[in-house]
Every structure is written in C-alpha cells, then in structure tokens.
Amino acid sequence: MLSVFGIQMTSGRTLPKFTKIDENNIQDHARLVAADQVFFLFEYTSGANYSYSKANSLISNLKKKPSRSHLAEYGYKAQAMHDCAAWLAEAINPAWLNGATLVPVPPSRAHGDPDYDDRITRICQAIPQTFPIDVRELVVQTVSTPAAHEGDRPSVEDLLHIYQIDETLATPAPSRVAIVDDVLTAGTHYRAMHAVLSGRFPGVPIVGMFIARRVFLNQFAVDIE
C-alpha cells in the first residue's frame, strides 16, 4: 500500500511534515473515529489571534473573505494559498498523489454567493508536480450557511442534508481520495464528506489532509461542537 508521506528533501530548509491523528490526539477531534486516516501539517491555536504563531497568521490570511478582496491586505491570502500548495507538494508522496483524487471540502457559502471562497480548490490546483493532479469538487454544498468559525457549528447530520455529489464530475470513479481542508476542528466536515464519498464510491480508500489542526490555548477548554 502506498504511503501518503513524501520524502523530506530539506536542503537546509525546515519543511512541514504530515503528522497523523492517532490515539495521542484523536480526543481533540470529537467526531473522528479510530479508523480515520487523517493528517495535518501545523497546529492552529484557538482563542489566540493571528500574531500568536505562524500557523495562526497563516489560517487568518487563508480565511480572508472574497468580499474584502479590494483591500490591500487581501494579498496575504494569495501568498498563504501559494505557500500551502508548496508545503503540500513537499509533504505528499508523489507516487501516492499520481493517481489520487483531491476533493476539497466545499466552502460554507454556495456558488453565486459574494463570499463563495474556493481557496481549498485553488490550493490543490496549485500544488506543483510534474504530472497533472486530479482535483475535483465532487461534493458541493447546496445552500449557504454561516462559516463554522463565525456562527453555530453544524452537525454531521446538518451537513449531510446540504451536501451532494456533483455527478458531472463522478466519472471516472476515483481510485483513492484525499479530503482536503484548511483546519481540522472536531472533524465534523470530514466525517460528513467521508460519508457522502464512501456512499457514492464504496471501497475507495479515503484519507484526510489538513493544513492545520485546532488546539486550545486553554488546556481546560471543552469542545462542545
């Protein structure tokens, strides 16, 4: 079985590597189950602002809204997307990626909304490789909802009601899938995506790839998502 992990060619540089969610940290992500194959590059600290860490700055820039694209600071978003694509290229085993399908988690805003944000799709499409990368928005969100980090967080069941397969992109069937998103919180979106994709493509191996996982500034904080 091919590993998703790339070979780290540092050449004096410090490059992020994938870390797997396992028995040591899965309790931080209440919706995940032991069988989930989920990986992340950084740790984003909830409750701290963008200046707290490089990861917090990165995620803050990624989440800048398209409706604010007229502002000078919006250029930081483009740089953040470029950096994420480069880091993913280093972290993912090319032999695994060649033949895989990357499926972005759909944004909270549906197509046509002024704040529809396809940042994850654009990151995946920008991953530098010597071969074409299969990036497909196989799962679409049919209605707009508040961003999870801004309002009431949806349940897996809520998302299953508004997620659907785009059948125009379903052929050929993928041979292996990576669900890609920026921040892993409780794992709600991942679990909903996994349910939709495994229902449509039974038996196809699925992993999750995240730019960062959420950790708490306060070690006694309770995740009630």
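Select cysteine 84 to begin: cysteine 84 counts as buried because its relative accessibility is 0%. Buried means under 20% relative accessible area, exposed means over 50%, and partly exposed lies in between (1.4 Å probe, protein chains only). The model is predicted, so local features need pLDDT of at least 70 and side-chain atom pairs count only at pLDDT 80 or more, while totals for chains, interfaces and linings use all residues. Residues are numbered from 1 along each chain as its sequence is written, and side-chain values use heavy atoms, with hydrogens and water left out.

Next, select cysteine 124, which counts as buried at 1% relative accessibility. The structure holds zero disulfides; a disulfide is a pair of cysteine sulfur atoms within 2.5 Å.

Now select residues 75–91, which form helix α2. Helices (H or I, at least four residues) and strands (E, at least two) are DSSP runs, numbered from the N terminus. Helix α2 has 17 residues and should span 24 Å at 1.5 Å a residue; its end C-alpha atoms are 25 Å apart, which agrees. The expected span is 1.5 Å times one less than the number of residues.

Colour the buried residues of α2: Lys77, Ala80, Met81, Cys84, Ala85, Leu88, Ala89 and Ala91. An α-helix has 3.6 residues a turn, so residues three or four places apart point the same way.

Turn to the rings. The whole structure has three aromatic pairs. Rings of Phe, Tyr and Trp (its six-membered ring) pair if their centres lie within 6.5 Å; planes under 30 degrees apart count as stacked, over 60 as edge-to-face and the rest as tilted.

Select phenylalanine 18 and phenylalanine 39: their ring centres are 6.0 Å apart and their planes stand at 50°, so the pair is tilted. Phenylalanine 18 lies in the segment before β1 (19–20) and phenylalanine 39 in strand β2, so the pair ties together parts 21 residues apart in sequence. Phenylalanine 18 is buried at 7%, and phenylalanine 39 is buried at 4%.

Then select phenylalanine 42 and tryptophan 87, whose ring centres are 5.1 Å apart with planes at 70°, so this pair is edge-to-face. Phenylalanine 42 lies in strand β2 and tryptophan 87 in helix α2, so the pair ties together parts 45 residues apart in sequence. Phenylalanine 42 is partly exposed at 21%, and tryptophan 87 is partly exposed at 23%.
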